[in-house]
Amino acid sequence: MKHFIVEISYLVPLARIQESVPAHRAYLQRGYDAGLLLCSGPKVPATGGFLLARAASPEVLQAFFAEDPFSTERLASFRFNEFDPVKRQGWAEAWFSES
């Protein structure tokens, strides 16, 4: 598996984002259920968000996020930053070492 920090940047005012947050979070749950996501949350201040993700390839992850309501409604842009998690907490070992 490859590991990524996904950065979301809002393209519209926060009030419009907040209208779609429930649908966005419901969609993200699919990623959690599939084992793609470890954690997610908004930036402070709320100009976007960050997610810690994994996938077999960047294309798999990009395809997943292409269906996110923030993407389909053109509310945000997504940036995928691959990284090599060489050091981590022991409790996260299984998530990072699964292939």
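Is E19 buried or exposed? In this predicted model, in which residues are numbered from 1 along each chain as its sequence is written, local features need pLDDT of at least 70, side-chain atom pairs count only at pLDDT 80 or more, and totals for chains, interfaces and linings use all residues. Side-chain values use heavy atoms, with hydrogens and water left out. E19 is exposed, because its relative accessible area is 60%, where buried means under 20% relative accessible area, exposed over 50%, and partly exposed in between (1.4 Å probe, protein chains only).

E19 forms a salt bridge with R16, the closest N and O atoms being 3.4 Å apart; a salt bridge is here a side-chain nitrogen of Lys or Arg within 4 Å of a carboxyl oxygen of Asp or Glu. Both residues belong to helix α1, where, being 3 residues apart, they are separated by about one helical turn. An α-helix has 3.6 residues a turn, so residues three or four places apart point the same way. R16 is partly exposed, with a relative accessible area of 27%.

Helix α1 covers residues 14-33, helices (H or I, at least four residues) and strands (E, at least two) being DSSP runs numbered from the N terminus. At 1.5 Å a residue its 20 residues should span 28 Å, and because its end C-alpha atoms are 27 Å apart, the value agrees with that expectation; the expected span is 1.5 Å times one less than the number of residues. The buried residues of α1 are I17, S20, V21, H24, Y27, L28 and G31, and they pack against β1, β2, β3, α2 (58-66) and α3. Just after the helix, G35 takes a positive phi of about 80°.

The structure holds 6 salt bridges. One of them joins the side chains of E82 and K2 (3.9 Å, N to O), and this pair links distant parts of the chain, with E82 in strand β4 and K2 in strand β1, 80 residues apart. E82 is partly exposed, with a relative accessible area of 46%, and K2 also counts as partly exposed, at 33% relative accessibility. A further salt bridge brings together the side chains of E93 and R88 (3.1 Å, N to O); E93 is partly exposed at a relative accessible area of 34%, and R88 is partly exposed at 31%. Salt bridges that share partners also join E7, K43 and R79 into one network.

Not counting residues up to four places away in sequence, K43 touches E7, I8, S9, G48, G49 and F50, where contact means heavy atoms within 4.5 Å.

Aromatic residues were examined by pairing rings of Phe, Tyr and Trp (its six-membered ring) if their centres lie within 6.5 Å, with planes under 30 degrees apart counted as stacked, over 60 as edge-to-face and the rest as tilted. By this rule the count comes to 6 aromatic pairs. The rings of Y10 and F70 have their centres 5.9 Å apart and their planes at 90°, so the pair is edge-to-face; it links distant parts of the chain, with Y10 in strand β1 (residues 2-10) and F70 in helix α3 (residues 69-72), 60 residues apart. Both Y10 and F70 are buried. The rings of W95 and F96, with centres 5.0 Å apart and planes at 90°, likewise form an edge-to-face pair, and here W95 is buried at a relative accessible area of 12% and F96 is buried at 11%. Ring pairs also link Y27, F64, F65, F78 and F80 into a cluster.

W91 is found in the loop between β4 (76-83) and α4 (93-97), and W91 is exposed, with a relative accessible area of 67%. The C-alpha atoms of W91 and P45, 46 residues apart along the chain, are separated by 29 Å.
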